[in-house]
Each structure stands twice: as C-alpha cells, then as structure tokens.
Amino acid sequence: MATGGPSRETTSPSSNNLAANAPGVKVHMDGLEALIKTRGGIQALLVHSLTRKFVTWADVLAANVMETQPRFKLHIQDDEERPEDWGLYSSLAMLYEAKLFHLTGLQDLSRETMRVYWAIHNLSSLKDSAIHLTRKVEFPSWSDMVERIERRVVALLLSEVVRSGKPRLSIFILFANAIIFHINMFMRDLPRVLPLYNLLSGRLRVNLESVDLVYLHKEYPEMVLWILLMGGLGSSGTPNSLWYAKLFAEICISSGLRGGNAISHALAGFLWTELYRTPVTIGFWSDVARAQGIEGGYDVRKLTAHVSVAVFNAPPDMSE
C-alpha cells in the first residue's frame, strides 16, 4: 500500500544513518536542523511536500533513538484526518481506559494512551483492508497520520510522570515502546535489518526485566501479550530474539495459547493484523514453536504479491 511518504529507495540510506547510535544521530540532526534554518525553517517547506515529509519523519525517528523531543513542530490543519475519532471505542478499549485510570490514577494519561491505541487500531484495520487487493492503493494522508501518532507516543514516553519510575506506570512505557515497533515495522514498512530494531528491542527488554510481568499480564492480558509480540517480531536478527521468543512462549502457555490461530483469536479484539505472520516473520514464530516444544501450528501466509507487501513476503534474510 502506498503510504504517501518517502519511498523505500529514498529512505533506506537515511534510515541506516539515523538508526546507528545516539551520538551519530545527534550529529546528523544538528546538520539537518542547520540546513533547514538556511531555508527559512520548517514552515517554509510546502505542507505535504516530499521534502517536508522526509525532514519531519527523520526528526521523529531521531527522537526515538535519542529519547528526546522532536526538533521540528508539525503544522496540523483543522481538517486533518484523526483516526482516533473513527468510530466508537470497542468494549475492550473502554475497559482498558477504565482499568488504566483505576490502576494508575492518571485519567488524562490513560485517555491519551487509549486514543493513541484506537488510532493505531483503526489505521491497521485500514491497511489490512488494502493488502489483499491486487493493485496498489493510494492513501496520500497516511504518512501524516502515522507521524502525528508517533509524535504523541514520544511525548507520552518523555512525560515527567511516566519517567518517574513508579512501578504502576510501567505499562505506559511498555505499551508506548511496542507502538513504536508496530509503527516502524507494519505501518512504515521499514526493513528489519536496521540497527534501530536492535536498539529498540534492547530498550524494551530492559523495561520488561524490571517489572512484575505476571501482575501486568493479569491486569492487562491482551495488551501485555501484544507488547511481547511486538518485541519478539522486532527483535528478529538481534541478540534478543531468543529471549523474546521464550518469554512470549511462556506467556502463551500460561494463557493456554498454542499455535498462530489461537494467538490471532486472542488478540483479534485488541490489535491483530495478518502482517504479523507473513514470511518475513517466520524466524520468530519458529523460535516460539521450539520454545513451546511443538512442531507446526505457526505457519506464515504469503500476501497478494504486489509492491505494497513485498517487504513482508520476502524471506527474513532478504528484507533489506
């Protein structure tokens, strides 16, 4: 599916530059910021132009790597699409918002978290409806919507209250990091070989190792299962891959889940897309099957073979 953003040919080199390490990213962004200032600032670039999309996309990617606020402010028009407003919340979404507020005592943060979730849920459903078509479909505003959501996730992660280190707030950190995985893997379709994924998987692992995961899974079962799934899929090819596969397998066993169909049914009401079990993800699912001591049950499915899903249909070692 065309996303209305920079093409893979345009973005891949910069993706590698930005995702390597925080000091290198800072140097890159200092140079980009200086260049944009010579052009009159970000507001001087045409709204929705490819140049502006590329600059603001690189900005939010760098913010994720450095764990800092983006440098450039987005111009948001009154008539911009807001996927968090598409349709009424599901009963599960309403339950989670109420539960987050009850267990954390933070009403505004709970509401913002679930609005971000609902936006991702709706955009993922939109993409799912397009990936089975036999031709490319254009969504010109796709990249703008995705970027606005990602910036809200960065703001959530960097809020003082979330960074206070209080155990009851750890769910916000885990969920926000998983959203960043989902956006880059399944909405921006970035190749899985980027150093970014190694950095993110290590960061999420540190957070997971510092929490009471049994308690969190009891209180937020679908959300925690999905968080671990994002960590597992995002860690493929990194030193953390087996750790995630074993942890995910353990959680699934404790929940009575064996096989891809059982997991997809468990997450269908929360967030699931068939992109999670395409050929490019076979390494993770094979590791999960071995960790559960079973053969089969985690088959992947090839999608309609056109440009928009090429990255997902490629074998893991070809998804560059």
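Two aromatic rings of Phe, Tyr or Trp count as a pair here if their centres lie within 6.5 Å. In this predicted model, that rule gives 16 aromatic pairs. Y89, Y96, Y117, W118, F175, Y220, W226 and F270 come together as one aromatic cluster. Here's a quick tour of the rings and the nonpolar core.

**The Y96–Y220 pair**
- Y96 and Y220 are stacked, with 6.2 Å from centre to centre and 25° between the planes.
- This pair ties together distant parts of the chain: Y96 sits in helix α4 (residues 91-104), while Y220 is in the loop between α9 (213-219) and α10 (221-234), 124 residues apart.
- Both partners are tucked away, as Y96 is buried and so is Y220.

**The F248–F284 pair**
- The ring centres of F248 and F284 are 5.5 Å apart and their planes are at 55°, so this pair counts as tilted.
- Here too, distant parts of the chain are linked: F248 belongs to helix α11 (residues 241-254) and F284 to helix α13 (residues 282-292), 36 residues apart.
- F248 and F284 are both buried.

**The largest nonpolar core**
- The largest nonpolar core has 90 residues, and W226, L229, M230 and F248 touch the most other members.
- Helix α7 (residues 170-187) supplies the largest share of this core, with 13 residues.
- Setting aside neighbours within four places in sequence, F248 is in contact with L225, L228, L229, I263, F284, W285 and V288.
- As background, nonpolar side chains tend to be buried together in soluble globular proteins.

How values were computed:
Residues are numbered from 1 along each chain as its sequence is written. This is a predicted model: local features need pLDDT of at least 70, side-chain atom pairs count only at pLDDT 80 or more; totals for chains, interfaces and linings use all residues. Side-chain values use heavy atoms; hydrogens and water are left out. A nonpolar core is a set of buried Ala, Val, Leu, Ile, Met, Phe, Trp, Tyr and Cys residues joined through side-chain atoms within 4.5 Å. Buried means under 20% relative accessible area, exposed over 50%, partly exposed in between (1.4 Å probe, protein chains only). Helices (H or I, at least four residues) and strands (E, at least two) are DSSP runs, numbered from the N terminus. Contact means heavy atoms within 4.5 Å. Rings of Phe, Tyr and Trp (its six-membered ring) pair if their centres lie within 6.5 Å; planes under 30 degrees apart count as stacked, over 60 as edge-to-face and the rest as tilted.
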